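Work through the exercises below with the sequence and the coordinates at hand. Each task is followed by a solution in steps.

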Amino acid sequence: MTTWWSAYYSNHQMVSLLIRYLHLAALMVGGGTALAIDRVVLGAARTRTEDRRRAAFTAMKGSHRVVVPALVIVTASGILMAAADWATFVASRLFWVKMISFGALVLNGVALVAAERAYAKSADVSMWRRVVLASGASCLLWLLILWIGEWLTTAA
């Protein structure tokens with residue numbers, strides 16, 4: 001499968017440009033939204049006031065409608081880009097570190113949603129701590145994945 005795709009991707013500049021554009025645009029939109037919300041959550045955690053927690057929680061609610069579709073586009077475009085040069089990527093340890101990091105980001109997102117739901121039910125401070133921890137991990141993982149992705153493009 002990857003042989004014909006590799007040839008098609010290489011010989012059709014607009015196709016490869018569109019796929020790379022979709023990948024980067026989805027990273028900017030999804031990652032940017034996630035980072036902005038994570039900053040609000042972490043800021044609310046520093047002030048430790050109920051008003052700031054509620055404001056951060058309200059801001060978080062709508063963010064998943066942006067971040068989740070962006071992650072779907074990142075995944076689809078990433079698969080297409082990797083398939084275009086599978087022999088290079090499959091042998092790259094850096095590629096697999098990025099894939100593991102991406103998996104950790106998705107799992108952290110699931111944990112973040114679970115923590116949000118638990119906080120919504122009880123508004124308990126211990127539940128808020130779970131939201132804060134997941135938001136902090138989200139920041140680190142988004143930035144790590146971006147860094148590894150850039151490193152991968154220079155190493156490939």
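**Exercise 1. Aromatic pairs**

How many aromatic pairs does a search of the whole structure find? Classify the pair of Trp5 and Tyr9 and that of Phe95 and Trp96.

Solution. The model is a predicted one. The search over the whole structure returns ten aromatic pairs.

Step 1. For Trp5 and Tyr9 the centres are 5.8 Å apart and the planes make 50 degrees, a tilted pair. Planes under 30 degrees apart would count as stacked and those over 60 as edge-to-face, so the value of 50 degrees leaves the tilted class.

Step 2. Trp5 and Tyr9 both belong to helix α1, residues 2–11. They are four residues apart, about one turn of the helix. Both residues are buried.

Step 3. Turn to Phe95 and Trp96. Their ring centres lie 4.9 Å apart with the planes at 75 degrees, so this pair is edge-to-face. Phe95 has 6% relative accessibility and therefore counts as buried, the cut-off being under 20%. Trp96, at 36%, is partly exposed.

Step 4. Check for a cluster. Ring pairs join Trp4, Trp5, Tyr8 and Tyr9 into one.

**Exercise 2. Fold summary**

Which secondary structure elements does the protein have, and in what order do they run from the N terminus?

Solution. Step 1. Count the elements: there are six helices and zero strands.

Step 1. Read them from the N terminus on, which gives α-α-α-α-α-α.

Step 2. The C-alpha trace spans about 55 × 30 × 25 Å along its principal axes. Of the 156 residues, 37% count as buried.

Step 3. Consider the sequence separation of contacts. Taking contacts between residues at least 6 apart in sequence, 74% join residues at least 24 apart.

**Exercise 3. Nonpolar cores**

Which residues have the most contacts inside the largest nonpolar core, and which helices supply at least two of its residues?

Solution. Step 1. The largest core holds 14 residues, and Val41, Met60, Trp128 and Val131 have the most contacts inside it.

Step 1. Assign the core to helices. At least two residues each come from α2 (13–47), α3 (50–84), α5 (93–122) and α6 (125–155).

Step 2. List the partners of Met60, leaving aside neighbours within four places in sequence. Met60 is in contact with Ile37, Val41, Leu112, Glu116, Val131 and Ser135.

Step 3. Look for a further core.

**Exercise 4. Two single residues**

Is Asn108 buried or exposed, and is Val72 buried or exposed?

Solution. Step 1. Asn108 is in helix α5. Its relative accessibility is 13%, under the 20% cut-off, so Asn108 counts as buried.

Step 1. Beyond its neighbours within four places in sequence, Asn108 is in contact with Ala134, Ala137, Ser138 and Leu141.

Step 2. Val72 lies in helix α3. At 53% relative accessibility it is over the 50% cut-off, so Val72 counts as exposed.

Step 3. Compare sequence and space for Val72 and Asp38. They are 34 residues apart in sequence, and their C-alpha atoms are 20 Å apart in space.

Definitions and conventions:
Residues are numbered from 1 along each chain as its sequence is written. This is a predicted model: local features need pLDDT of at least 70, side-chain atom pairs count only at pLDDT 80 or more; totals for chains, interfaces and linings use all residues. Side-chain values use heavy atoms; hydrogens and water are left out. Rings of Phe, Tyr and Trp (its six-membered ring) pair if their centres lie within 6.5 Å; planes under 30 degrees apart count as stacked, over 60 as edge-to-face and the rest as tilted. Buried means under 20% relative accessible area, exposed over 50%, partly exposed in between (1.4 Å probe, protein chains only). A nonpolar core is a set of buried Ala, Val, Leu, Ile, Met, Phe, Trp, Tyr and Cys residues joined through side-chain atoms within 4.5 Å. Contact means heavy atoms within 4.5 Å.
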